[in-house]
Amino acid sequence: MSVLTDLIYGGAHTVAQLTENAVAAALAQYGPKKEVAFPDTAYAFPTIYAATGVKVKTLGDLPGCVEVQKSLITDREELDAALNAGLATAVGAEILEGLKFVEPGGSYEEARVPGIGFVPDPVIRSLGVPLVTGDIPGVAVVLGEAENPADVAGVVREYQSKGLLTFLVGNVIEQCADQGVKMGLELRVIPLGHQVTSVIHVVTVAVRAALIFGNVQPGDLSGLLAYTKERVPAFVNTFGPIDPVVVSAGAGAIALGFPVVADVDLGENQVPGALESVCDHGKTVEKSLELREIRIRSKELPIPVAFASAFEGEIIRRSDMHTEFYSGDNVTCELVLGREMSQVEDHKIRLIGPDIGDGVQSLPLITFVEVAGKKMQPDFESVIERKIHAWCNYMEGVMHTGQRDQFRIRISRDAYEKGLRLKHLGEVLYHMITEEFGVVVDKCQVTLITDGEQAARFREELALPRYRQRDERLVSMTDESVDRFFTCVLCQSFAPSHCCVVTPERLGLCGAVSWLDAKATYELNPNGPSQPILKEGCLDERTGRYESVNAAVREATHGALENVTLYSIMEDPMTSCGCFECISAIEPSSNGFIVVNREYKGMTPTGMSFGELASFSGGGVQTPGYMGHGRSFIPSKKFAAAEDGIRRIVWMPRELKEAVGERLNATARELYGIEDFTSLIADERVSTVEGLLEFLKEVRHPVLDMEPLL
Ligand code: SF4
Ligand code: ZN
């Protein structure tokens with residue numbers, strides 16, 4: 001046997017023994033009926049479920065899984081067989097980690113910087129869009145303990161600055177923390193756990209991506225391995241000496257298609273493309289990205305701080321803040337306007353009023369961007385304007401929330417000390433707009449106003465009237481008033497048989513793509529992910545069935561989807577990729593729908609959580625009665641229009657109700673003359689079907705007089 005296969009089998013046998021012992025001990029302590037589950041997932045023990053189709057529910061289910069694990073360890077010499085032993089290690093790791101959750105509650109581990117352990121389903125769903133847009137270009141797993149902490153911190157920082165999602169396993173966690181690496185899901189550096197088995201928590205992310213987005217069927221092991229290899233851009237970096245368990249875990253990663261780069265010399269044990277040594281840490285990142293063919297869109301901007309999507313979630317506390325621009329204290333607003341060519345001087349950046357650092361902590365701010373171009377349309381103004389939020393956040397040391405004339409920007413002391421000034425904000429906007437919207441923007445100039453009087457005048461005279469004009473246009477834009485809808489297939493890199501149909505009154509299910517966005521995407525890139533669907537061949541107005549829509553989705557999904565309606569949840573509903581903001585599901589005893597948002601962690605009266613409901617819809621599959629959609633679709637006049645519209649909504653988490661309440665009530669008033677409709681909708685204070693029915697009777701919910709849904 002080669003040294004490599006020797007190590008893999010050595011590790012696999014060790015883990016198998018550990019697993020067997022741990023399962024026996026747990027059975028002795030709790031008995032076979034004791035339930036065991038990872039938190040907040042609809043996929044049980046995901047690796048075992050995906051690979052074998054078995055849903056582990058109790059400790060009694062585990063001995064069978066240990067048998068499967070052992071059967072994968074054949075001690076045969078060929079590399080394929082050895083990689084199967086790596087999968088066995090993954091199965092064992094999943095069981096060992098799962099046993100940590102036998103006693104529900106409590107923290108995952110005790111450590112100076114504790115890992116987070118299992119990643120819940122809703123987090124994976126929220127990662128869908130950034131992964132497909134390339135905003136998160138890849139997933140790095142950094143494991144072990146570096147000889148020199150600065151080496152691993154340097155590598156992790158580089159991934160962070162390139163926007164990758166990085167998971168840390170082992171003592172690299174403390175090493176990075178001590179070196180000042182900023183961590184957290186929002187900063188895309190996630191400490192997973194200290195034991196090597198915690199690496200399974202990244203594996204289950206990839207595995208659940210296959211189940212959620214890829215419609216891979218449980219038990220289809222080869223389908224699973226093909227999906228992770230082709231569609232999950234992950235790789236592993238190990239630091240420090242490697243032992244057999246690490247090697248066999250690495251073999252599991254390789255089986256899933258994730259190359260491993262080690263920082264020790266493996267000599268002839270290297271497997272080109274799958275297991276390679278890079279001892280110079282200055283080359284680790286480059287080699288890893290190359291092995292996975294991850295390309296980074298580099299953005300070299302003339303500013304003194306880093307600029308990367310990984311900083312989008314950075315929070316700047318008051319105590320770390322140098323300057324704030326906040327609409328609660330001063331006039332703030334941001335406006336993008338289309339102009340004549342002669343009115344715009346390209347790359348002109350002007351500041352009217354004091355700069356940051358001139359003695360004041362709190363300032364007004366007008367961010368005024370004027371663009372000109374032959375193909376520029378007024379509809380693109382708001383599309384560009386909404387990106388200001390993300391671009392500001394990409395600057396390290398800058399936080400932006402809100403939009404239009406209601407926003408807050410904070411600049412950290414650290415960024416100020418590095419030399420960040422307002423003109424750099426102008427530079428960022430100029431460079432990003434000309435790069436991303438270059439097809440329609442030929443010239444761009446930015447004016448920043450911090451003078452209070454001029455800012456107030458700008459807001460009154462230019463910004464507010466323009467916002468009002470745009471709002472009126474949005475209200476007048478209905479599905480009836482346009483001649484075309486748009487497809488969006490961005491999510492196909494994860495969900496190959498899914499296609500969204502985006503209409504003025506129904507935005508994409510991720511919540512990030514409105515009809516205007518899709519239209520702009522098409523104009524910017526006519527061969528891109530959004531294609532127009534001319535509104536032709538209406539087959540049924542009630543459900544929103546069109547020949548042209550059917551033809552478009554059939555083509556976009558390569559035949560996977562034949563028919564789809566725009567306005568029904570019960571008849572050929574629109575499919576989901578998996579990254580939807582909310583799910584609507586039938587609640588049969590009340591004949592209504594419940595609507596649940598991804599952030600809601602509790603139970604619903606159906607006895608299912610968001611994650612469990614969400615698992616009915618995804619991967620491009622059509623499941624009547626279950627439909628994923630964006631938050632802003634709820635108050636739409638087209639929401640479940642075929643099933644009597646929003647009047648069917650019987651339950652929503654309170655937070656969601658509050659977020660969409662004003663518009664939902666307005667729609668109910670306008671369409672049905674119902675006042676204060678949200679007060680008729682139950683929330684988490686009602687947790688059972690009986691309770692729900694009682695509540696509906698009490699408030700005399702209109703659903704009680706409607707035809708059955710089934
Ligand atoms: Fe994905 Fe649909 Fe959003 Fe497009 S509109 S990004 S396909 S969820
Ligand atoms: Zn999606």
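Figure 1. The model is predicted, so local features need pLDDT of at least 70 and side-chain atom pairs count only at pLDDT 80 or more, while totals for chains, interfaces and linings use all residues. Residues are numbered from 1 along each chain as its sequence is written, chains are lettered from A and ligands numbered from 1 in the order in which they are written, and side-chain values use heavy atoms, with hydrogens and water left out. Ser 222 belongs to helix H9 (residues 221–231); helices (H or I, at least four residues) and strands (E, at least two) are DSSP runs numbered from the N terminus. Between the C-alpha atoms of Ser 222 and Leu 363 the distance is 59 Å, with 141 residues separating them in sequence. Ser 71, in helix H3 (residues 62–71), is likewise exposed, at 52% relative accessibility. Its C-alpha atom is separated by 59 Å from that of Phe 380, 309 residues apart along the chain.

**Figure 2. The zinc ion (ligand 2) and its cysteine donors.** The SG atoms of Cys 491, Cys 577 and Cys 579 coordinate the zinc ion at 2.1 to 2.2 Å. Donors are N, O and S atoms within 2.8 Å of the metal (3.2 Å for Na, K and Ca); water is not among the atoms, so sites may look incomplete. Along the chain, the donors follow the spacing C-x85-C-x1-C. Cys 491 lies in the loop between strand E14 (484–488) and strand E15 (500–502), and Cys 577 in the loop between helix H17 (547–556) and strand E19 (582–587), so the pair ties together parts that are 86 residues apart in sequence. Both Cys 491 and Cys 577 are buried.

**Figure 3. The surroundings of ligand 1.** The shell consists of Cys 488, Leu 490, Cys 491, Cys 500, Gly 508, Leu 509, Cys 510, Val 513, Cys 577 and Cys 579, where a residue is near a molecule if one of its heavy atoms lies within 4 Å of it. Nine residues of this shell are nonpolar, one is polar and none is charged.

**Figure 4. Aromatic ring pairs.** The whole structure holds 16 aromatic pairs; rings of Phe, Tyr and Trp (its six-membered ring) pair if their centres lie within 6.5 Å, and planes under 30 degrees apart count as stacked, over 60 as edge-to-face and the rest as tilted. With ring centres 6.4 Å apart and planes at 75 degrees, Trp 391 and Phe 437 form an edge-to-face pair. This pair links distant parts of the chain, 46 residues apart: Trp 391 is in helix H12 (residues 378–394) and Phe 437 in the loop between helix H14 (422–436) and strand E13 (443–449). Trp 391 is buried at a relative accessible area of 1%, and Phe 437 is buried at 5%. The rings of Phe 633 and Phe 639 have centres 5.6 Å apart and planes at 55 degrees, so their pair is tilted; Phe 633 and Phe 639 are both buried.

**Figure 5. Strands E2 and E3.** Strand E2 (residues 165–169) pairs with E3 in the parallel sense over four bridges, the requirement for pairing being at least two DSSP bridges. Leu 168 stands opposite Pro 191 in E3. Five of the five residues of strand E3 (residues 189–193) are buried.

How values were computed. Buried < 20%, exposed > 50% of the residue type's maximum accessible area, 1.4 Å probe, protein only. Nonpolar A, V, L, I, M, F, W, Y, C, P; charged D, E, K, R; others polar.
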